[in-house]
Amino acid sequence: MGSKNVVVFEDFFPAMVEKLGAEGFMKELSNGFRLLVDGDKGVITFESLKRNSALLGLKEMSDEEATCMLREGDLDGDGALNEMEFCTLMLRLSPELMNDSRKLLVEAIVNF
């Protein structure tokens, strides 16, 4: 049985934080949000996620996966992801970063 070489974003997050610092990493997450956002609505919708996911190497994302991503990250229940919800979801998907979240918050506040 062969194994697929699957790249998972959380594999890169700790290295990105180490290289960019907390502030730089948050800017990169914001850039990711802007790639996926529906320009007219200012949030990531199901349609904008499906349309733009190939830009992030997720061209094979199923409708079910897109729906699950939106549902998991949608904190205010509007069916879409605003920038804060998107960044929160991305951090939650990286367990190692969640363990270091207090340190990252302090670093971001100090650099603000």
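Residues are numbered from 1 along each chain as its sequence is written, and side-chain values use heavy atoms, with hydrogens and water left out. As the model is predicted, local features need pLDDT of at least 70 and side-chain atom pairs count only at pLDDT 80 or more, whereas totals for chains, interfaces and linings use all residues.

The chain holds six helices and zero strands. Its pattern along the sequence is α-α-α-α-α-α. Helices (H or I, at least four residues) and strands (E, at least two) are DSSP runs, numbered from the N terminus. Of the 112 residues in the chain, 33% are buried. Buried means under 20% relative accessible area, exposed over 50%, and partly exposed in between (1.4 Å probe, protein chains only). Contact means heavy atoms within 4.5 Å. Among contacts with a separation of 6 or more, 39% join residues 24 or more positions apart. The accessible surface of the chain comes to about 7700 Å², and carbon and sulfur atoms hold 55% of this area. Accessible areas come from the Shrake-Rupley method with a 1.4 Å probe; for residues, only the protein chains shown count as cover.

The largest nonpolar core has 18 residues. Such a core is a set of buried Ala, Val, Leu, Ile, Met, Phe, Trp, Tyr and Cys residues joined through side-chain atoms within 4.5 Å. The residues with the most contacts inside this core are Leu-29, Ile-44, Leu-49, Met-69, Leu-81, Phe-86 and Met-90. Helices α1, α3 and α4 are the elements that give two or more residues to it. Helix α1 gives the most, with six residues. Met-69 contacts Leu-49, Met-61, Leu-81, Phe-86, Leu-89 and Met-90, leaving aside neighbours within four places in sequence.

A search of the whole structure finds one aromatic pair. The ring centres of Phe-33 and Phe-86 lie 6.0 Å apart and the planes meet at 50°, so the pair is tilted. Rings of Phe, Tyr and Trp (its six-membered ring) pair if their centres lie within 6.5 Å; planes under 30 degrees apart count as stacked, over 60 as edge-to-face and the rest as tilted. Phe-33 belongs to α1 (residues 13-36) and Phe-86 to α4 (residues 83-92), 53 residues apart, and the pair thus links distant parts of the chain. Both Phe-33 and Phe-86 are buried. In α4, the buried residues are Glu-85, Phe-86, Cys-87, Leu-89 and Met-90. These buried residues pack against α1 and α3 (63-73). Asn-82 caps the N-terminal end of α4, with a side-chain oxygen 3.1 Å from the backbone nitrogen of Met-84.

Ser-48 lies in helix α2. Ser-48 is buried, at a relative accessible area of 0%. Its side chain reaches the backbone oxygen of Leu-36 at 2.8 Å. A polar atom of the Ser-48 side chain also lies 2.9 Å from the backbone nitrogen of Thr-45. Beyond neighbours within four places in sequence, Ser-48 contacts Leu-36, Val-37, Asp-38, Val-43 and Ser-53.

Ser-53 sits in the loop between α2 (46-52) and α3. Ser-53 is buried too, with a relative accessible area of 2%. The Ser-53 side chain reaches the backbone oxygen of Lys-50 at 3.4 Å. Not counting residues up to four places away in sequence, Ser-53 touches Leu-36, Ser-48, Leu-58, Lys-59 and Met-61.

Terms used:
A polar contact is a pair of N or O atoms within 3.5 Å; within protein, one must be able to donate a hydrogen and the other to accept it, and residues adjacent in sequence count only if both atoms are side-chain atoms.
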